[in-house]
Amino acid sequence: MSDTVTLHTYFRSSCSARLRIALHLKQVPFTSVYVNLLKGEQSSPAHLAINPSGTVPALVIQRESKAPVTITQSLAALEYLAEAFPEQGPALLPPASDPESRAVVRTLADIISCDIQPVTNLRILKRVGQLGVERAEWSKDLMEDGFRAYEAAVKKSAGKFSVGDSITIADLCLIPAAWGAQRFGVDLGQFPVTNEIVKNLEMEEAVKKGHWRSQEDTPEEFRIKE
(Lines give C-alpha, C1' and ligand atoms only; values in the text may rest on other atoms or scores of the structure.)
Protein backbone atom coordinates (compact mmCIF):
# COMPACT_ATOMS: atom_id res chain seq x y z
CA MET A 1 0.00 0.00 0.00
CA SER A 2 1.30 3.39 -0.95
CA ASP A 3 0.05 5.97 1.55
CA THR A 4 1.23 9.52 2.03
CA VAL A 5 0.33 10.99 5.40
CA THR A 6 1.05 14.59 6.39
CA LEU A 7 0.44 16.09 9.81
CA HIS A 8 0.25 19.85 10.23
CA THR A 9 1.34 20.25 13.82
CA TYR A 10 2.77 22.49 16.54
CA PHE A 11 5.02 21.09 19.26
CA ARG A 12 2.95 22.32 22.21
CA SER A 13 -0.49 21.66 20.74
CA SER A 14 -2.16 18.93 22.79
CA CYS A 15 -4.52 18.11 19.93
CA SER A 16 -1.54 17.64 17.62
CA ALA A 17 0.11 15.41 20.21
CA ARG A 18 -2.92 13.11 20.17
CA LEU A 19 -2.31 12.43 16.49
CA ARG A 20 1.47 12.20 16.73
CA ILE A 21 1.13 9.47 19.35
CA ALA A 22 -1.62 7.68 17.42
CA LEU A 23 0.43 7.65 14.22
CA HIS A 24 3.42 6.22 16.09
CA LEU A 25 1.20 3.60 17.76
CA LYS A 26 -0.28 2.63 14.40
CA GLN A 27 3.21 2.60 12.86
CA VAL A 28 2.01 4.90 10.08
CA PRO A 29 4.91 6.88 8.58
CA PHE A 30 4.11 10.56 8.30
CA THR A 31 5.64 13.87 7.35
CA SER A 32 5.28 16.80 9.72
CA VAL A 33 4.55 20.34 8.57
CA TYR A 34 5.26 22.72 11.43
CA VAL A 35 2.83 25.58 12.08
CA ASN A 36 4.12 28.12 14.59
CA LEU A 37 1.10 29.34 16.54
CA LEU A 38 3.05 32.08 18.32
CA LYS A 39 3.98 33.57 14.94
CA GLY A 40 0.39 33.38 13.72
CA GLU A 41 1.15 30.91 10.93
CA GLN A 42 -2.19 29.18 11.60
CA SER A 43 -3.90 32.26 10.15
CA SER A 44 -1.90 32.36 6.92
CA PRO A 45 -3.84 31.94 3.66
CA ALA A 46 -1.90 28.76 2.92
CA HIS A 47 -2.86 27.14 6.21
CA LEU A 48 -6.46 28.38 6.12
CA ALA A 49 -6.81 26.67 2.74
CA ILE A 50 -6.02 23.40 4.53
CA ASN A 51 -7.79 24.09 7.83
CA PRO A 52 -10.42 26.86 7.66
CA SER A 53 -10.62 26.86 11.48
CA GLY A 54 -7.12 28.33 11.63
CA THR A 55 -5.98 25.67 14.10
CA VAL A 56 -3.82 22.59 14.32
CA PRO A 57 -3.72 19.73 13.75
CA ALA A 58 -4.69 18.92 10.20
CA LEU A 59 -4.19 15.37 8.97
CA VAL A 60 -3.90 14.94 5.21
CA ILE A 61 -4.04 11.39 3.86
CA GLN A 62 -3.43 10.28 0.30
CA ARG A 63 -4.18 6.56 0.07
CA GLU A 64 -3.55 4.52 -3.05
CA SER A 65 -6.30 4.90 -5.66
CA LYS A 66 -8.32 7.24 -3.44
CA ALA A 67 -8.84 10.99 -3.37
CA PRO A 68 -6.88 12.80 -0.65
CA VAL A 69 -8.66 13.31 2.65
CA THR A 70 -8.08 16.23 5.01
CA ILE A 71 -9.27 15.91 8.62
CA THR A 72 -9.08 19.04 10.75
CA GLN A 73 -10.54 17.82 14.04
CA SER A 74 -8.36 15.56 16.17
CA LEU A 75 -11.10 13.25 17.46
CA ALA A 76 -12.36 12.62 13.94
CA ALA A 77 -8.77 11.97 12.86
CA LEU A 78 -8.25 9.48 15.71
CA GLU A 79 -11.36 7.55 14.73
CA TYR A 80 -10.22 7.61 11.11
CA LEU A 81 -6.86 6.08 12.07
CA ALA A 82 -8.66 3.40 14.10
CA GLU A 83 -10.85 2.52 11.13
CA ALA A 84 -8.37 2.96 8.29
CA PHE A 85 -5.53 0.99 9.89
CA PRO A 86 -7.34 -1.71 11.91
CA GLU A 87 -4.54 -4.26 11.72
CA GLN A 88 -1.72 -1.92 12.76
CA GLY A 89 -1.00 -1.30 16.45
CA PRO A 90 -3.71 -1.12 19.10
CA ALA A 91 -7.32 -0.90 17.90
CA LEU A 92 -7.86 2.44 19.76
CA LEU A 93 -11.55 1.60 20.18
CA PRO A 94 -13.19 -1.49 21.68
CA PRO A 95 -14.87 -3.76 19.10
CA ALA A 96 -18.20 -2.80 17.57
CA SER A 97 -19.71 -5.75 19.43
CA ASP A 98 -19.09 -3.83 22.68
CA PRO A 99 -20.91 -0.52 22.16
CA GLU A 100 -20.98 0.16 25.90
CA SER A 101 -17.18 0.21 26.18
CA ARG A 102 -16.93 2.29 23.01
CA ALA A 103 -19.27 4.81 24.62
CA VAL A 104 -17.07 4.91 27.73
CA VAL A 105 -13.98 5.63 25.60
CA ARG A 106 -15.78 8.42 23.77
CA THR A 107 -17.16 9.89 27.00
CA LEU A 108 -13.69 10.06 28.56
CA ALA A 109 -12.25 11.55 25.38
CA ASP A 110 -15.00 14.17 25.36
CA ILE A 111 -14.32 15.14 28.98
CA ILE A 112 -10.78 16.01 27.90
CA SER A 113 -11.77 17.59 24.60
CA CYS A 114 -14.73 19.62 25.87
CA ASP A 115 -13.94 20.37 29.52
CA ILE A 116 -10.13 20.51 29.74
CA GLN A 117 -8.41 21.24 26.43
CA PRO A 118 -10.37 24.38 25.43
CA VAL A 119 -9.27 26.31 28.53
CA THR A 120 -5.62 25.76 27.55
CA ASN A 121 -6.13 26.93 23.97
CA LEU A 122 -3.93 29.91 23.09
CA ARG A 123 -6.75 31.69 21.26
CA ILE A 124 -9.08 31.31 24.27
CA LEU A 125 -6.41 32.39 26.74
CA LYS A 126 -5.73 35.55 24.75
CA ARG A 127 -9.43 36.46 24.85
CA VAL A 128 -9.63 35.78 28.58
CA GLY A 129 -6.57 37.95 29.19
CA GLN A 130 -8.29 40.84 27.43
CA LEU A 131 -11.01 40.67 30.08
CA GLY A 132 -8.49 41.36 32.82
CA VAL A 133 -8.59 37.82 34.20
CA GLU A 134 -5.43 36.14 35.50
CA ARG A 135 -5.56 33.59 32.76
CA ALA A 136 -3.18 30.93 34.16
CA GLU A 137 -5.16 30.66 37.41
CA TRP A 138 -8.46 30.68 35.50
CA SER A 139 -7.23 27.87 33.29
CA LYS A 140 -5.83 25.83 36.19
CA ASP A 141 -9.11 25.95 38.12
CA LEU A 142 -11.13 24.77 35.14
CA MET A 143 -8.63 22.03 34.29
CA GLU A 144 -8.88 20.71 37.83
CA ASP A 145 -12.66 20.59 37.47
CA GLY A 146 -12.24 18.58 34.28
CA PHE A 147 -9.74 16.15 35.79
CA ARG A 148 -12.04 15.70 38.77
CA ALA A 149 -14.78 14.58 36.38
CA TYR A 150 -12.34 12.32 34.50
CA GLU A 151 -11.20 10.72 37.75
CA ALA A 152 -14.77 9.97 38.84
CA ALA A 153 -15.59 8.38 35.48
CA VAL A 154 -12.35 6.48 34.90
CA LYS A 155 -12.47 4.74 38.29
CA LYS A 156 -15.19 2.52 36.81
CA SER A 157 -13.29 1.51 33.66
CA ALA A 158 -9.57 1.72 34.37
CA GLY A 159 -7.11 -1.11 34.04
CA LYS A 160 -3.55 -0.33 33.07
CA PHE A 161 -5.05 2.41 30.88
CA SER A 162 -8.31 4.35 30.89
CA VAL A 163 -10.52 1.54 29.61
CA GLY A 164 -8.96 -1.79 30.45
CA ASP A 165 -5.43 -2.71 29.50
CA SER A 166 -5.29 -1.45 25.91
CA ILE A 167 -4.57 2.11 24.81
CA THR A 168 -7.65 3.82 23.44
CA ILE A 169 -8.61 7.20 22.07
CA ALA A 170 -9.35 8.26 25.66
CA ASP A 171 -5.68 7.77 26.57
CA LEU A 172 -4.53 9.65 23.47
CA CYS A 173 -6.53 12.62 24.71
CA LEU A 174 -5.51 12.20 28.34
CA ILE A 175 -1.73 12.20 28.12
CA PRO A 176 -1.28 15.53 26.28
CA ALA A 177 -3.85 17.08 28.63
CA ALA A 178 -1.79 15.85 31.57
CA TRP A 179 1.33 17.51 30.13
CA GLY A 180 -0.57 20.75 29.73
CA ALA A 181 -1.96 20.54 33.25
CA GLN A 182 1.51 20.06 34.70
CA ARG A 183 2.69 23.18 32.87
CA PHE A 184 -0.12 25.13 34.57
CA GLY A 185 0.77 23.77 38.00
CA VAL A 186 -2.01 21.21 38.39
CA ASP A 187 -1.07 18.49 40.88
CA LEU A 188 -2.20 15.27 39.22
CA GLY A 189 -1.55 13.42 42.48
CA GLN A 190 -4.97 14.56 43.68
CA PHE A 191 -6.42 12.29 40.96
CA PRO A 192 -4.73 8.99 41.84
CA VAL A 193 -6.34 6.68 39.26
CA THR A 194 -5.79 9.15 36.44
CA ASN A 195 -2.24 9.83 37.62
CA GLU A 196 -1.40 6.12 37.56
CA ILE A 197 -2.73 5.83 34.01
CA VAL A 198 -0.59 8.80 32.99
CA LYS A 199 2.50 7.12 34.46
CA ASN A 200 1.74 3.94 32.52
CA LEU A 201 1.26 5.87 29.30
CA GLU A 202 4.55 7.70 29.71
CA MET A 203 6.36 4.34 29.58
CA GLU A 204 5.11 3.73 26.04
CA GLU A 205 7.60 4.39 23.23
CA ALA A 206 4.98 6.02 20.99
CA VAL A 207 4.12 8.45 23.77
CA LYS A 208 7.78 9.35 24.21
CA LYS A 209 8.09 10.00 20.46
CA GLY A 210 4.98 12.19 20.50
CA HIS A 211 6.00 14.21 23.56
CA TRP A 212 5.91 17.98 23.08
CA ARG A 213 9.50 18.27 24.24
CA SER A 214 10.75 15.78 21.62
CA GLN A 215 9.61 17.41 18.37
CA GLU A 216 11.74 18.94 15.63
CA ASP A 217 10.03 22.30 16.16
CA THR A 218 10.50 22.21 19.95
CA PRO A 219 12.73 25.16 20.95
CA GLU A 220 16.10 24.10 22.30
CA GLU A 221 15.37 25.33 25.83
CA PHE A 222 12.40 22.95 26.12
CA ARG A 223 13.97 19.87 24.58
CA ILE A 224 14.43 16.71 26.62
CA LYS A 225 18.13 16.31 27.24
CA GLU A 226 19.59 12.88 26.61
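Residues are numbered from 1 along each chain as its sequence is written, and side-chain values use heavy atoms, with hydrogens and water left out. Because the model is predicted, local features need pLDDT of at least 70 and side-chain atom pairs count only at pLDDT 80 or more, while totals for chains, interfaces and linings use all residues.

**View 1. Helix 3 crosses helix 7.** Helices here are DSSP runs (H or I, at least four residues), and strands are E runs of at least two, both numbered from the N terminus. The axes of helix 3 (residues 74–84) and helix 7 (residues 169–183) come within 10 Å, crossing at roughly 140°. Axes are lines fitted to C-alpha atoms, for helices over the stretch in contact, with angles running from 0 to 180 degrees between N-to-C directions. That makes the two helices, helix 3 and helix 7, oblique to each other; angles under 35 degrees count as roughly parallel, over 145 as roughly antiparallel, 65 to 115 as roughly perpendicular and the rest as oblique. Leu 75, Leu 78 and Glu 79 of helix 3 meet Ile 169, Leu 172 and Cys 173 of helix 7, where contact means heavy atoms within 4.5 Å.

**View 2. Helix 5 meets helix 6.** The axes of helix 5 (residues 122–130) and helix 6 (residues 135–154) come within 9 Å and cross at roughly 125°, so this pair, helix 5 and helix 6, is oblique too. From helix 5, the contact uses Ile 124, Leu 125, Lys 126 and Val 128; helix 6 brings Arg 135, Trp 138 and Ser 139.

**View 3. Cysteines without a disulfide.** Search the whole structure and you'll find zero disulfides, a disulfide being a pair of cysteine sulfur atoms within 2.5 Å. For Cys 15, the nearest cysteine sulfur belongs to Cys 173, 7.8 Å away. Cys 15 counts as buried because its relative accessibility is 13% (buried means under 20% relative accessible area, exposed over 50%, partly exposed in between, with a 1.4 Å probe and protein chains only). Cys 114 is in no disulfide, and its nearest cysteine sulfur, that of Cys 173, sits 9.7 Å away. At 53% relative accessibility, Cys 114 is exposed.

**View 4. Gly 54 in its loop.** Look for Gly 54 in the loop between helix 2 (45–50) and strand 3 (58–62). Gly 54 is buried, with a relative accessible area of 12%. Leaving aside residues up to four places away in sequence, Gly 54 touches Gln 42, His 47 and Leu 48.
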